[in-house]
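Student: I'm new to this one and would like a close look at a single part of it. Could you pick a piece and walk me through what surrounds it?

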Amino acid sequence: MGNTCCLLCGCVDQATVGVVERWGRFEKLAEPGLHFFNPLAGQWLAGVLSTRIRSLDVRIETKTKDNVFVQLLCSIQYRVVKENADDAFYELQNPQEQIQAYVFDVVRAVVPKMTLDELFEQKGEVAKAVLEELEKVMGAYGYSIEHILMVDIIPDASVRKAMNEINAAQRLQLASVYKGEAEKVFQIKKAEAEAEAKYLGGVGVARQRQAITDGLRENILNFSHKVEGTSAKEVMDLIMVTQYFDTIKDLGNSSKNTTVFIPHGPGHVRDIGDQIRNGMMEASSARVNAE
């Protein structure tokens with residue numbers, strides 16, 4: 001419901017304040033409610049002002065310290081001070097233009113002192129500077145500045161594209177560092193695994209050879225005890241012949257071999273046995289000399 005007025009009375013709505021004049025001169029402020037006027041005495045309701053909070057969006061284009069053109073969207077929330085409504089009614093014809101002019105003046109004085117990165121980090125400082133200036137100026141005209149919000153900072157399109165490319169390059173560089181570290185750890189672990197595998201393989205081969213040696217020794221002793229008149233050399237020759245024929249059998253059964261030429265004959269078996277015995281004797285002699 002709007003404010004209603006006639007020659008004798010007037011109604012001032014809630015959240016508004018009326019301005020009463022007498023013979024064209026300000027007389028008093030009228031609170032919300034019904035008021036009676038004396039037109040014969042030149043008294044009448046000259047107008048009403050809303051005391052609700054209003055919002056004014058201002059878009060400012062300016063340049064930063066590093067010569068980047070930016071647009072700032074600033075939202076100013078203000079209201080009429082009820083006690084000073086007469087100043088707001090008589091002093092300013094267009095308060096929105098007045099506020100906008102001061103916002104332009106302050107922003108274009110503060111932002112050129114900052115780089116683009118500083119502006120994003122300290123946009124609250126810009127809003128604070130605007131608030132201090134507007135409170136000082138608009139307070140004299142009966143207006144209260146409630147809040148100032150720096151809603152958005154919009155750099156030039158080419159600058160935004162360059163910033164995105166820099167950010168993408170930095171992230172790719174960081175990803176490359178992490179990838180290199182991961183590859184380094186992988187290679188280290190792989191080398192450690194290979195070393196451990198070789199060590200365990202060597203232990204297995206050593207145990208295998210020890211088991212073969214123990215088995216051969218046990219076989220020679222058992223055969224010598226059970227067959228009288230046989231020497232350890234004869235038993236060893238028999239075992240070597242058996243191992244020789246087992247090896248030939250394995251070579252023939254393997255699917256990966258086609259043709260294998262090996263010297264074959266009783267003399268060759270004896271030569272192999274002599275070579276093994278000579279090697280064992282030389283090893284024993286070297287061990288005794290070392291001790």
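Tutor: The buried residues of helix 4 pack against strand 8 (69-80), helix 2 (95-110), helix 3 (116-121) and strand 9 (143-155). Contact here means heavy atoms within 4.5 Å. Helices (H or I, at least four residues) and strands (E, at least two) are DSSP runs, numbered from the N terminus.

A word on the source before we go on. This is a predicted model, in which local features need pLDDT of at least 70 and side-chain atom pairs count only at pLDDT 80 or more, while totals for chains, interfaces and linings use all residues. Residues are numbered from 1 along each chain as its sequence is written, and side-chain values use heavy atoms, with hydrogens and water left out.

Now the helix itself. Helix 4 runs over residues 123-138, which makes 16 residues, and spans 22 Å from its first C-alpha to its last, close to the 22 Å expected at 1.5 Å a residue. That expected span is 1.5 Å times one less than the number of residues. Its buried residues are V126, A127, V130, L134, V137 and M138. Buried means under 20% relative accessible area, exposed over 50%, and partly exposed in between (1.4 Å probe, protein chains only). Looking down the axis of helix 4, you'd find the buried residues within an arc of 100°, so they line one face of the helix. The arc is taken from the directions that run from the helix axis to the C-beta atoms.

L131 also lies in helix 4, but L131 counts as partly exposed because its relative accessibility is 23%. Leaving out residues up to four places away in sequence, L131 touches I145 and I148. The C-alpha atoms of L131 and I76 are separated by 8.7 Å, although the two residues are 55 apart along the chain.

I76 brings us to the core. A nonpolar core is a set of buried Ala, Val, Leu, Ile, Met, Phe, Trp, Tyr and Cys residues joined through side-chain atoms within 4.5 Å. The largest one has 35 residues, and I76, V103 and L134 touch the most other members. Strand 7 (54-63), strand 8, helix 1 (85-90), helix 2, helix 3, helix 4 and strand 9 each supply at least two residues of this core. Strand 8 gives the largest share, six residues. Two strands pair if DSSP finds at least two bridges between them. Strand 7 and strand 8 are joined in the antiparallel sense over ten bridges, and E61 stands opposite Q71 in strand 8.

Let's step back to the whole protein. Its secondary structure comes to seven helices and nine strands. Of its 291 residues, 24% count as buried. Among contacts with a separation of 6 or more, 60% are between residues 24 or more positions apart.

Finally, a glance at another sheet. An open sheet of three strands has the order 4-3-6, with antiparallel pairing. Strand 3 (residues 16-22) and strand 6 pair in the antiparallel sense over seven bridges, and R22 has Q43 in strand 6 as its bridge partner.
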